[in-house]
Amino acid sequence: MYLVYLNFIIIFLFLVFIIIIGNKIAYKFKLLDYPNIRKTHSNPIPLIGGLYFYFTICLALFLFEFSEFLNLIIVYSSIILFMGILDDLYDLKVNLRFIIIIFGSYLLIDKGLTITNIGDFYGDNIIYLGSFSFIFTIICVVGLVNCFNFLDGSDGMLLSQSISSFLLLLIFNNLSNVGKIDQIFVLIFIFIFLILLLFNLGFFKKNKFFLGDSGSMTIGFIIAFLLIYYSQIENIFIHPSLVIWVVALPLFDFFALVLRRILDNKSPFQADRRHIHHLLLLILKKNNYVLIATFSLSLCFGLSGFYILNILGPFFALIFFLINLFVYTYITYKIEKKYFN
């Protein structure tokens, strides 16, 4: 246990060090996010937080021993990291981003990380996907990567939601009698996210940074395959129908926002300021209040899904999810119309 504590201290010191040094490099080589009409910051901010996250999680792989699958997820996510860096610098086409995400996903699917079933919804009869497994896995991963990318629109939003997702995994692990996860692995992510969150929120103003697409898409990619690993591979501990509750708010916001844009005859990927954090900011006025509200909402969604699953079963957990999605879409639609029309 002493060695575990020592490793966490090493991770902390390493992360703080690369943030301080990395920000100096970012300013020198203009790796910055510049203010514009759609952004709230008034000064250029370093846009390489994704590198801070990835280098630190790689250090954790060196300090701790994890399963082969967990190592592979981190290693192959470097493809998404590199794509995100290029996107931050050169604003890649949507189609090209999709192709690269699909390629990274294929490499992990080829190693066995694929969604083979969606669980048992009627008795003990497990619904297997068969030949549809590959394309379904691709759709889910690409979708979730974009969900997390959509979230990265205000300080701390993406990181707080990432903390929520990993915290829910820990909670489910302790409440469930089915399988166990490597808690140290999950705690490392939460620890890293908390440190990054403090800098991202500007607690240390001289070293504030943004995650950029490299950070948001890499984190989304890792979470997507971790959920596949924990629900599909050996030592399964969460039912496949519970997976969507771990990332309920990102999914709700993504689908609601895309639907509203389509109804307004806009591109689903056209950037705007009508995400959940933007809408709540109009009501709550302060970003910290928005973070607390969305974080609490995520935990409530996740826990409600868990108890519905365990009390009523996976079928009702899915129905409850769809009902919440409809209600969420309706409420955000009404808020948007009130403030933007």
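Okay, some ground rules. Residues are numbered from 1 along each chain as its sequence is written, and side-chain values use heavy atoms, leaving out hydrogens and water. As the model is predicted, local features need pLDDT of at least 70 and side-chain atom pairs count only at pLDDT 80 or more, while totals for chains, interfaces and linings use all residues.

Let's start with helices. Helices (H or I, at least four residues) and strands (E, at least two) are DSSP runs, numbered from the N terminus. The expected span of a helix is 1.5 Å times one less than its number of residues. For α4, residues 94–109, that gives 22 Å for 16 residues, and the end C-alpha atoms are 22 Å apart, so the two agree. α8, with 21 residues, reaches 30 Å from its first C-alpha to its last, close to the expected 30 Å.

How many of the residues of α8 are buried? It's 21 of 21. Buried here means under 20% relative accessible area, exposed means over 50%, and partly exposed is in between (1.4 Å probe, protein chains only). In α4, the buried residues include Arg97, Gly104 and Leu108. The buried residues of α4 pack against α3 (68–90), α5 and α8.

Now a single spot in helix α6 (residues 157–175): serine 162. Serine 162 has a relative accessible area of 0%, so it counts as buried. Leaving out residues up to four places away in sequence, serine 162 touches Phe148, Phe193, Ile219 and Ile223, where contact means heavy atoms within 4.5 Å.

On to empty space. Rolling a probe the size of a water molecule over the atoms shows where empty space is left. We use a 1 Å grid over the protein atoms alone: a cavity is a set of points where a 1.4 Å probe fits but cannot get out, a pocket is an open set with protein on both sides within 12 Å along at least five of seven lines, and lining residues have an atom within 4 Å of a point. Grid points are joined across faces, edges and corners, and a volume is the space filled by probe spheres set on the points.

The second largest pocket holds about 770 Å³. It is lined by 30 residues, and the closest to its centre are Phe136, Cys140, Val243, Ile244 and Leu251. Helix α5 gives the largest share of that lining, 7 residues. What kinds of residues line this pocket? There are 25 nonpolar, 5 polar and no charged. In this scheme Ala, Val, Leu, Ile, Met, Phe, Trp, Tyr, Cys and Pro are nonpolar, Asp, Glu, Lys and Arg are charged, and the others, Gly among them, are polar.

There is 1 cavity of 30 Å³ or more, and the largest cavity has a volume of about 40 Å³. Its lining has 1 nonpolar, no polar and 7 charged residues; among them are Arg260, Asp264 and Glu336.

Lysine 30, between α1 (2–28) and β1 (32–33), has phi near 60 degrees, a positive value in a residue other than glycine. Lysine 30 is exposed at 56%. Aspartate 91, in the loop between α3 and α4, has phi near 55 degrees, again positive and not glycine. Aspartate 91 is exposed too, at 61%.
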